[in-house]
Amino acid sequence: MPDLQRLAAHHADPLLAFERDNRAWFARSIPDRGDDYFADFPARHAALLAEQATGACHFHVLVDDDGRVLGRFNLVDVADGEAELGYRVAQRAVGRGLATDGVRQVCTLARDAYGLRRLTAATTLDNPASLAVLRHTGFTPVGEVSLDGRPGLRHRRELTLDG
């Protein structure tokens with residue numbers, strides 16, 4: 001059973017493998033991270049952990065029983081009870097409801113553990129799977145947005161006690 005975990009130092013190698021293994025898959029629907037992202041990954045990972053320690057963001061990984069990363073679920077730009085949600089799931093894990101379940105879990109953490117009241121998220125119009133995940137997890141469209149030159153929709157979810 002996959003386990004959603006707060007990003008920690010021991011996730012560095014599995015996270016790098018996840019990003020490398022899925023780079024082409026991700027680039028089909030979201031902007032590529034570029035070669036620099038992979039060039040000094042240990043330093044980048046350490047910087048993420050330092051940023052997370054400030055409370056400005058909350059990073060999570062969905063890990064399988066073998067310790068492999070199946071997905072990332074991140075809350076960034078945390079301020080004034082709000083944050084931006086971003087997520088990605090490995091190609092080998094799509095179609096199993098993991099993105100929907102991960103987003104639901106992160107929404108609960110956002111409300112209960114991090115004290116957030118509202119999340120926003122955006123995705124391109126040509127990413128129907130991501131649009132469906134947002135719809136199934138209580139996000140509602142609030143406006144059009146351009147993501148790396150591609151048309152998309154910004155979504156919002158209020159984090160209430162009943163959901």
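Start by selecting Glu 82 and Arg 118: Glu 82 stands opposite Arg 118, which is in strand S5. Strands here are DSSP runs (E, at least two residues) and helices are too (H or I, at least four), numbered from the N terminus. Before going on, note that this is a predicted model, where local features need pLDDT of at least 70 and side-chain atom pairs count only at pLDDT 80 or more, while totals for chains, interfaces and linings use all residues. Residues are numbered from 1 along each chain as its sequence is written, and side-chain values use heavy atoms, with hydrogens and water left out.

Now show S4 and S5 whole. They run parallel, joined by three bridges; two strands pair if DSSP finds at least two bridges between them. S3 and S4 run antiparallel, with seven bridges, and Ala 79 stands opposite Glu 82. Look at the hairpin of S3 and S4, with two residues between the strands: Asp 80 takes a positive phi near 50 degrees there.

Is S4 enclosed or open? It is largely enclosed by the rest of the structure, because six of its eight residues are buried. (Buried means under 20% relative accessible area, exposed over 50%, partly exposed in between, with a 1.4 Å probe and protein chains only.)

Select H6, residues 128-136, next. Its buried residues are Ser 130, Leu 131, Ala 132, Val 133 and Leu 134. What covers them includes S4, helix H5, S5 and strand S7.

Step past the helix to Thr 137, in the loop between H6 and strand S6. Thr 137 counts as buried because its relative accessibility is 3%. Its side chain reaches the backbone oxygen of Val 133 at 2.8 Å. Not counting residues up to four places away in sequence, Thr 137 touches Thr 100, Val 103, Arg 104 and Arg 157; touching means heavy atoms within 4.5 Å. Gly 138, which follows H6, has a positive phi near 90 degrees.

Last stop: the largest pocket. Select Ile 30, Tyr 87, Arg 88, Asn 127 and Ser 130, which lie nearest its centre among 42 lining residues. On a 1 Å grid over the protein atoms alone, a pocket is an open set of points where a 1.4 Å probe fits, with protein on both sides within 12 Å along at least five of seven lines; lining residues have an atom within 4 Å of a point. Which strand gives the most to the lining? S4 does, with six residues.

Methods:
Polar contact = N/O pair within 3.5 Å; in protein donor to acceptor, adjacent residues only side chain to side chain.
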